[in-house]
Amino acid sequence: MIRYGDYLKIDQLLRAQEPESAKHGAEAHEEMLFIITHQTFELWFKQVLHEVGSIIGILDKPYVPESDMGVVLHRLRRTNVIMEHLAKQFTLMETMTAGQFMEFRAYLNPASGFQSAQFRVLERTMGLQEQRRVLRNYMDSLPPQERAFVDEHTQGHTTLFGAVERWLQQMPFMEYGEYAFWQQYRNAVADMFERDRRDTRAVAEADGNDPAAALEQINKLEDGFDAMFDASRYEGLQAQGLRRISQRATLAAIFIWTYRHQPLLHTPAAVLDAIVELDSLVSLWRFRHVTMVSKMIGMRVGTGGSSGFDYLMATTMRQRVFDDLTSLSSFLIPQANVPQLPTEVAQRLQFVNELRS
Ligand code: HEM
């Protein structure tokens with residue numbers, strides 16, 4: 001008969017806290033909190049990796065059935081709830097004062113969160129680009145066993161970024177007979193900017209102002225749009241590192257978000273929202289960690305040998321994975337300007353009509 005304690009390995013769990021200060025004969029009361037907080041973070045990282053790994057498994061296929069997208073969304077939302085919880089969990093650590101931390105910090109040298117293998121796996125699994133890392137030699141601080149763990153769980157594996165890009169590229173409905181979404185969208189964008197220019201000139205004329213600066217701003221924005229639709233200019237952006245995701249995936253994301261109220265696009269749009277949310281929750285984790293670190297050690301260097309605050313703050317700003325999707329909000333146009341879908345495409349995006357046909 002299965003027992004609670006055996007099933008959950010409670011005995012092992014409860015024997016896994018060994019304060020270093022006690023071993024030095026100077027037990028620091030807060031070290032228990034320090035250990036348990038880290039351990040719970042690591043347990044939740046494990047759950048996050050479990051969810052994200054399964055999401056990649058579902059998306060990384062030549063064809064993803066619509067019915068699987070509900071599962072993807074559900075797991076992404078759970079992942080985001082965990083990440084929100086983890087960002088909040090730093091307040092637990094903050095019940096320890098800087099002085100209390102100093103009572104045992106020296107015993108931990110040179111151990112550091114820098115050596116968290118699961119965190120490195122999470123970064124790589126999300127699809128963080130090596131060239132975006134603040135410290136390119138981050139793997140050098142990992143002991144051999146942790147290094148092997150990271151490589152084993154990431155090398156040759158599809159990343160979340162890769163899986164999302166692949167799924168987006170399969171987006172049907174963007175072309176149908178004569179219809180090509182991006183041509184219509186491009187025309188709508190051109191009309192919109194033309195109207196903006198007309199309005200700007202009219203307002204400037206009425207106020208007796210020079211419209212040149214405002215017009216230049218509009219031209220710049222329009223030029224940004226043009227680069228999204230033009231294959232060779234898009235490649236140029238990719239070559240400069242300004243865009244990473246493929247052009248097809250970008251257009252699919254714009255399509256999904258533009259027509260998100262169509263029944264068949266509800267789930268894909270919510271999945272994209274959740275991906276953008278996950279990326280910002282990882283940044284939130286980094287931000288909460290660094291603000292907590294600054295309270296604990298100020299501007300001191302970390303036990304892992306980094307500059308501490310400056311390094312961690314730089315990772316928060318730079319090490320994002322889904323900027324390409326987040327920044328697409330600059331390329332969405334007001335609903336009033338959105339081109340109408342051809343009837344056949346609109347019908348295909350309705351569940352009811354799908355069933356009737
Ligand atoms: C008093 C509490 C803490 C302090 C003072 C602290 C300090 C630091 C510092 C200074 C670094 C930079 C690397 C270094 O030079 O050591 C770091 C990295 C890290 N810490 Fe913490 N930390 C604390 C708590 C935590 C907790 C609770 C976690 C949860 C697992 C954590 C996870 C990490 C991770 C994953 C990194 C690597 C981040 C990266 O390279 O982007 N830390 N920590």
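**Helix packing and ligand shell in a predicted model**

Ala-163 counts as buried because 21 C-beta neighbours lie inside 10 Å, a residue being termed buried if 20 or more other C-beta atoms lie within 10 Å of its own, exposed if 12 or fewer, and partly exposed in between, with C-beta atoms placed from the backbone. The structure is a predicted model, in which local features need pLDDT of at least 70 and side-chain atom pairs count only at pLDDT 80 or more, whereas totals for chains, interfaces and linings use all residues. Residues are numbered from 1 along each chain as its sequence is written.

Ala-163 is found in helix H9, where helices (H or I, at least four residues) and strands (E, at least two) are DSSP runs numbered from the N terminus. Leaving aside neighbours within four places in sequence, Ala-163 is in contact with Ile-56, Leu-59, Asp-60 and Thr-158, contact meaning that the C-beta atoms of two residues, placed from the backbone, lie within 7 Å. Ala-163 and Lys-61 are separated by 102 residues in sequence, yet their C-alpha atoms are 8.2 Å apart in space.

The protein as a whole holds 18 helices and two strands, and its C-alpha trace spans about 80 × 65 × 35 Å along the principal axes. Of its 357 residues, 21% count as buried. Among the contacts with a separation of 6 or more, 76% are accounted for by residues 24 or more positions apart.

Helix H4 comprises 29 residues and reaches 42 Å from its first C-alpha to its last, close to the 42 Å expected at 1.5 Å a residue, the expected span being 1.5 Å times one less than the number of residues. Buried positions in H4 are Glu-31, Phe-34, Phe-41, Val-48, Val-52, Ile-55, Ile-56 and Leu-59, and the elements that cover them include helix H3 (20–23), helix H5 (66–93), helix H6 (98–108), helix H7 (117–126) and H9. For H5, the 28 residues should span 40 Å at 1.5 Å a residue, and the end C-alpha atoms are 42 Å apart, which agrees. The buried residues of H5 are Val-72, Leu-76, Thr-79, Leu-86 and Met-93, with H4 and H14 included in what covers them.

Two helix pairs were examined through their axes, which are lines fitted to C-alpha atoms, for helices over the stretch in contact, with angles running from 0 to 180 degrees between N-to-C directions. Helix H9 (residues 160–169) packs against helix H13 (residues 247–258) at an angle of about 70 degrees, with the axes 8 Å apart. H9 is therefore roughly perpendicular to H13, on a scale where angles under 35 degrees count as roughly parallel, over 145 as roughly antiparallel, 65 to 115 as roughly perpendicular and the rest as oblique. In this pair, Glu-165, Leu-168 and Gln-169 of H9 meet Arg-248, Ala-249, Ala-252 and Ala-253 of H13. The residues of the contact of H9 with H13 divide into four nonpolar, one polar and two charged, where Ala, Val, Leu, Ile, Met, Phe, Trp, Tyr, Cys and Pro count as nonpolar, Asp, Glu, Lys and Arg as charged, and the others, Gly among them, as polar.

Helix H11 (residues 212–229) and helix H12 (residues 231–239) pack at an angle of about 100 degrees, and their axes are 5 Å apart, which makes H11 roughly perpendicular to H12. Asp-226, Ala-227 and Met-228 of H11 make this contact with Arg-233, Tyr-234 and Leu-237 of H12; by class, the contact has four nonpolar, no polar and two charged residues.

The backbone was also considered in the loops. The peptide bond from Asn-109 to Pro-110 is cis, with omega near -5 degrees, and Pro-110 lies in the loop between H6 and H7. Phe-173, in the loop between H9 and strand E1 (175–176), has phi near 75 degrees, a positive value in a residue other than glycine; Phe-173 counts as buried because it has 20 C-beta neighbours inside 10 Å. Lys-9, in the loop between helix H1 (4–8) and helix H2 (10–14), likewise has a positive phi, near 50 degrees, but Lys-9 counts as exposed, with 11 C-beta neighbours inside 10 Å.

Around the ligand there are 23 residues, of which Ser-112, Gly-113, Gly-302, Gly-304 and Ser-306 come nearest, a residue being near if its C-beta atom, placed from the backbone, lies within 6 Å of the molecule or strand in question. By class, the shell around the ligand has ten nonpolar, 13 polar and no charged residues. H14 gives the most to this shell, with four residues.
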